[in-house]
Amino acid sequence: MPFILKWGDGSEIAAACGVSSPAVSQWKRVPERHLPKVAELLNTTPERLRPDLAVRNLMNKDMDPRDAAKAEEFIAKAVHAVEDKHVAVLEAQAARQRRVAEKAEAELRLAQADAELKRARSALSRTKQNMIHAGVPRHRLDLDAAMEGNPPLPALSAPEVGGVKS
């Protein structure tokens, strides 16, 4: 039904055929009784919409009935194979959409983590400023070096902190 899918929602086809739009959306192939109307609306030939019927009509005129039956069976299998491929394509498209959504979610989580990191760095900077104003020696404030994997600075004894003796 690629013609109908490309053409739109099928409401005009439904109206011309005297059926509902949901009925048209459920068609896997245009029913034979509606084929002339649908072909006219889509500005194409009935053979293009339903090649299986066109081939069957050609075969039944000039072929041995046994050969025609075999050909019809082959065509039916081919049509089912094409429909299976179409379903596989739709499933692949759905999987791609899921991956796109997962990527967008991951990007959102990354942006949230970046924002949280910026807030934490800002809080650390404010804490450093508060400690400087409180009189804590500057060399004790090098927390970034410890956070980046460098060995931490040696701990100072209590009397050295802020110049206060206990």
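Helices here are DSSP runs of at least four residues, and strands are runs of at least two. With that settled, let's go through the model. It is a predicted one.

First, the overall build. The protein has 8 helices and 0 strands. Reading along the sequence, the pattern is α-α-α-α-α-α-α-α. Of the 166 residues, 19% are buried. The exposed surface comes to about 12,800 Å². Carbon and sulfur atoms supply 57% of that surface.

Now contacts along the chain. Take the contacts with a separation of 6 or more. Residues 24 or more positions apart account for 29% of them.

Next, the core. Which residues make up the largest nonpolar core? There are 12 in all. Here is the list: Ile 13, Ala 14, Cys 17, Val 24, Trp 27, Val 30, Leu 35, Val 38, Ala 39, Leu 42, Leu 49 and Leu 53. Leaving out residues up to four places away in sequence, Leu 53 touches Glu 32 and Leu 35. Leu 35 is a member of this core too.

Let me stop at Ser 25. This residue is found in helix α3, which covers residues 21–25. Is Ser 25 buried or exposed? Ser 25 is exposed, because its relative accessible area is 57% and the cut-off for exposed is over 50%. Its C-alpha atom is 7.0 Å from the C-alpha atom of Gly 10.

On to charge. Side chains of opposite charge can pair when their charged atoms come close. How many salt bridges does a search of the whole structure find? It finds 4. I'll take you through some of them.

Start with Glu 83 and Arg 29. Their closest N and O atoms are 3.8 Å apart. That counts as a salt bridge because the cut-off is within 4 Å. Where do the partners sit? Glu 83 lies in helix α7, residues 65–134. Arg 29 lies in the loop between α3 and α4. So this pair ties together parts that are 54 residues apart in sequence. Glu 83 is partly exposed, at 23% relative accessible area. Arg 29 is partly exposed as well, at 35%.

Next pair: Glu 107 and Lys 103. Their side chains meet in a salt bridge, at 3.8 Å from N to O. Both residues are in helix α7. They are 4 residues apart, so about one helical turn separates them. How accessible are the partners? Glu 107 is partly exposed, with 46% relative accessibility. Lys 103 is exposed, with a relative accessible area of 53%. The line between those two classes is drawn at 50%, so the partners fall on either side of it.

Last pair: Arg 119 and Glu 116. These form a salt bridge with the closest N and O atoms 2.7 Å apart. Again, both lie in helix α7. Here the spacing is 3 residues, about one turn of the helix. Arg 119 is partly exposed, at 49% relative accessible area. Glu 116 is partly exposed, at 43%.

To recap. The protein has 8 helices and 0 strands. Its largest nonpolar core has 12 residues. Glu 83 of helix α7 pairs with Arg 29 in the loop between α3 and α4. That's my tour.

Technical notes:
Residues are numbered from 1 along each chain as its sequence is written. This is a predicted model: local features need pLDDT of at least 70, side-chain atom pairs count only at pLDDT 80 or more; totals for chains, interfaces and linings use all residues. Side-chain values use heavy atoms; hydrogens and water are left out. Buried means under 20% relative accessible area, exposed over 50%, partly exposed in between (1.4 Å probe, protein chains only). Contact means heavy atoms within 4.5 Å. Accessible areas come from the Shrake-Rupley method with a 1.4 Å probe; for residues, only the protein chains shown count as cover. A nonpolar core is a set of buried Ala, Val, Leu, Ile, Met, Phe, Trp, Tyr and Cys residues joined through side-chain atoms within 4.5 Å.
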